[in-house]
Amino acid sequence: MTKYIAIVSGKGGVGKTTTAINLGFALSRIGRDVTIVDCFSSSLKDYLGLNSKKGLHDVLAGRSSIGEATYVHPYGVKVVPSHKIDLDQKKSLSQAMLDIYGKSDIVLLDGVSGFGSDAREIFSIADEAIFVSGPDEMSAKSVMPLINAAESLGSVSLGIVINNHSNSRLRSLDSLKFYGKSPLAVIPYDRNIPRSFSANLPVLIHYPGSKSSLEYLKLANLFWKNG
Ligand SMILES: Nc1ncnc2c1ncn2[C@@H]1O[C@H](COP(=O)(O)OP(=O)(O)O)[C@@H](O)[C@H]1O
Ligand SMILES: [Mg+2]
């Protein structure tokens, strides 16, 4: 059975794509067959160096099959990149995602920020959702309405990942306590993350011993250790 997991946030630029990539490679490390799908941000192809490749935009425009837009990374993870989506879409994301059912254990949907029609469609596809927040209180608060929206559309909330954390900025954790939610993972600010993307690799591969890599592995083991 394939599990679809949305990775979303209330605000942009907080680390969704970073989380999707590194969690994906961590899950692969522990033996899961993983596909990471860029749901319209176009940064997945930049981070992994897949610029000239076909992608989800071609699939939705009816120009290619999802198989033709799926790349097997040298480290084994399957990746579906995307450029911006054409307006004259011939296929829906849900249809495209049905076409990869059964081909992986886990499909990570590198999703959107905020709650609009794209988020609605992603939640209607996803079995589960992970919410990414920055280290600031505003960012943590902005995921709360999204959690309710996800659950009302059928995605079970796995919890919140606090990203870019530094010890001097504990306020997001305090504000989560206010909502009765403890984070699934706290990923530190780590300059090896942008450095690794400059080499078109996840930090988990390029700097496997770094603190952020170890946190992503812990996150992967939290839910998916035994299948
Ligand atoms: N924990 C971190 N430490 C340092 N830089 C990070 C961290 N997480 C993300 N970044 C950087 O922040 C930027 C935005 O991250 P990204 O994953 O693209 O956010 P989003 O997908 O939510 O827009 C990227 O340049 C990425 O390299
Ligand atoms: Mg992104």
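**View 1. An open sheet of eight strands in the predicted model.** The strand order is β3-β4-β2-β5-β1-β6-β7-β8, and the pairing is mixed. β3 (71-72) and β8 are the edge strands, each pairing on one side only. Strands of a sheet pair through backbone hydrogen bonds, either parallel or antiparallel.

**View 2. Pairing of β1 with β5.** Strand β1 covers residues 3-9, and strand β5 covers residues 106-113. Six bridges join them in the parallel sense. Within this pair, I7 stands opposite D110 of β5.

**View 3. Helices α1 and α5 on the sheet.** Helix α1 packs on the sheet and touches β1, β2 (34-38), β5, β6 (128-133) and β7. The direction of α1 makes about 170° with that of β5. Helix α5 (residues 117-125) also packs on the sheet, with β1, β5 and β6 as the strands it touches. For α5, the angle to the direction of β5 is about 160°.

View 4. V161 has A185 as its bridge partner in β8. Strand β8 spans residues 185-188. A185 and I187 lie on its covered face, whereas V186 and P188 lie on the uncovered one.

**View 5. The shell around ligand 1.** There are 19 residues around ligand 1. G15, K16, T17, T18 and P194 come nearest. By type, the shell holds six nonpolar, eleven polar and two charged residues. α1 (16-29), β7 (156-165) and α9 (192-198) each supply at least two residues of this shell.

Methods:
Residues numbered from 1 in each chain as written. Chains lettered and ligands numbered in written order. Predicted model: local features only at pLDDT ≥ 70, side-chain atom pairs only at ≥ 80, totals over all residues. Near = placed C-beta within 6 Å. Helix = DSSP H or I, 4+ residues; strand = E, 2+ residues; numbered from the N terminus. Nonpolar A, V, L, I, M, F, W, Y, C, P; charged D, E, K, R; others polar. Buried ≥ 20, exposed ≤ 12 C-beta atoms within 10 Å, placed from the backbone. Pairing = 2+ DSSP bridges. Contact = placed C-beta atoms within 7 Å. Axes fitted to C-alpha atoms, helices over the stretch in contact; angles between N-to-C directions.
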